[in-house]
Amino acid sequence: MQYGKIVAGRFLNRPNRFVAQVELDGQVCTAHVKNTGRCQELLLPGARVYLQDFTDDMGTRKLPYALVAVEKERPGGTLLVNLDSQAPNRVVGEALREGRLPLPGLGELAEIRPELSCGESRLDFFVRDREGREGYLEVKGVTLETDGVASFPDAPTLRGIKHLQTLSALAREGKNAYVLFVVQMKQMCCFMPNAQRHEDFARALRQAQKAGVAVLAYDCAVTPDSLRLDQPVEVRL
């Protein structure tokens, strides 16, 4: 996926989860944060950030900028992290349509349907291959990393547990069920559930895998103005 006009600035502070104060060309501006997670280890004062500039085409927008990526300083170099919480579904949709995301148990896809109501949950994708085999896919974006290990969640998520329970029920019925963690950065050695932040989610993920849910993780090729689903990442539960 490609963003429109991108400008670079410096993060100053985050008055609330929806907006950030950033410095652009010596001026303090307010930007929409496209991620309601904590991102405390990323959005640090002085961090270099990248924003989509809507000043020439505001439409119904209230703010002229949207924060989409941040540079994380760490030993060994800078890590560029995409923060857009809507981007994982978009890059997964692109990869599915282009045949770049193989799903265990399914062949070439003939149908890709987003946003499917399933019981009390809404799952991100329903797919069907050319042999008529069906699958249910939930996508989770990952922006948290520690020493090269990507992890999810960065805060407790009851909704995430509910999704895993829905997928587990589908798997126990003999249906193809998948949860895909989209790591919105490169250079990760593996993905692990963040038991320290939410032990119940980590437990639910292990239980889902035992029920037959395929647990997948992919990293992304990230630039300030683009994001692309790239390579599989090892999953350690």
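**View 1. Strands β9 and β12 run side by side in this predicted model.** Strand β9 (residues 134-142) and strand β12 (residues 176-183) are parallel, and eight bridges join them. Look for Gly 141, whose bridge partner in β12 is Val 182. Two strands count as paired if DSSP finds at least two bridges between them. Strands (E, at least two residues) and helices (H or I, at least four residues) are DSSP runs, numbered from the N terminus.

**View 2. Here is the open sheet to which β9 and β12 belong.** Its six strands follow the order β7-β8-β9-β12-β14-β15, with mixed pairing. At the edges sit β7 (109-118) and β15 (226-232), each of which pairs on one side only. From one strand to the next, the twist averages 35 degrees. Angles run from 0 to 180 degrees between N-to-C directions, with axes fitted as lines to C-alpha atoms, for helices over the stretch in contact.

**View 3. Helix α2 lies across part of the sheet.** Residues 158-172 form α2, which lies across β7, β8 (121-129), β9 and β12 and runs at about 40 degrees to β8. The buried residues of α2 include Ile 161, Leu 164, Leu 167 and Leu 170; buried means under 20% relative accessible area, exposed over 50% and partly exposed in between (1.4 Å probe, protein chains only). The buried residues of α2 pack against β7, β8, β9, β12 and α3 (199-211), where contact means heavy atoms within 4.5 Å. After α2 comes Gly 174, which has a positive phi, near 90 degrees.

**View 4. Is Ser 151 buried or exposed?** Ser 151 is buried, at a relative accessible area of 10%. This residue belongs to strand β11 (residues 149-152). Beyond its neighbours within four places in sequence, Ser 151 contacts Val 142, Leu 144, Phe 191, Met 192 and Asn 194. The C-alpha atoms of Ser 151 and Pro 193 are 5.3 Å apart, although 42 residues separate the two along the chain.

**Notes for all views.** Residues are numbered from 1 along each chain as its sequence is written, and side-chain values use heavy atoms, leaving out hydrogens and water. As the model is predicted, local features need pLDDT of at least 70 and side-chain atom pairs count only at pLDDT 80 or more, while totals for chains, interfaces and linings use all residues.
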